[in-house]
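Colleague: I have a model open and want to learn how to read it. Can you walk me through it?

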Amino acid sequence: MMGNEVCENSEVLSNKFGEMVIAMNRWIENLQNNKKIDSYFTRKKYRKIAVYGTSYFSKNLQRELQKTDIIIDLVFDRNSIDMIANREVDVIVVTSLYYYYEIREQLMPITNCPIICIDDIIYKL
């Protein structure tokens, strides 16, 4: 039985990192073509955002938005999820690609603002 669990965990990790590599590659292509993430937020009229996650995608998003008009009001994760409850933000960006749907389900009861995944932004530029 233990061997099956190892194989399943390996498959999950492979899928997770595969998604991350593909999305990060697209992000780089966007930057090379002068397509910046702040244009997505501007087009949607999202000025004040919250970011769920503290990984590479989160850090890259924060860096890319530093010198723009987009305000990152809060960066949080599962250990501080309750912080979003009383925040006035236009959108929550989840930077965990693989667990987006689980995270969205956790956030929906505590907030009324839109919840989107970072890869939705990356692919819609």
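Modeller: We go from the overall fold to one residue and its surroundings. This is a predicted model, where local features need pLDDT of at least 70, side-chain atom pairs count only at pLDDT 80 or more, and totals for chains, interfaces and linings use all residues. Residues are numbered from 1 along each chain as its sequence is written, and side-chain values use heavy atoms, with hydrogens and water left out.

Colleague: How many helices and strands does the protein have?

Modeller: Both are DSSP runs: helices are H or I, at least four residues, and strands are E, at least two. Here there are 5 helices and 4 strands. From the N terminus, the order is α-α-β-α-β-β-α-β-α.

Colleague: Is Thr111 buried or exposed?

Modeller: Buried means under 20% relative accessible area, exposed over 50%, partly exposed in between (1.4 Å probe, protein chains only). Thr111 counts as buried because its relative accessibility is 12%. Thr111 sits in the loop between helix H4 (100-107) and strand E4 (115-117). Of the protein's 125 residues, 34% are buried.

Colleague: Which backbone atom does the Thr111 side chain reach?

Modeller: A polar contact is a pair of N or O atoms within 3.5 Å; within protein, one must be able to donate a hydrogen and the other to accept it, and residues adjacent in sequence count only if both atoms are side-chain atoms. The Thr111 side chain reaches the backbone nitrogen of Cys113 at 3.3 Å.
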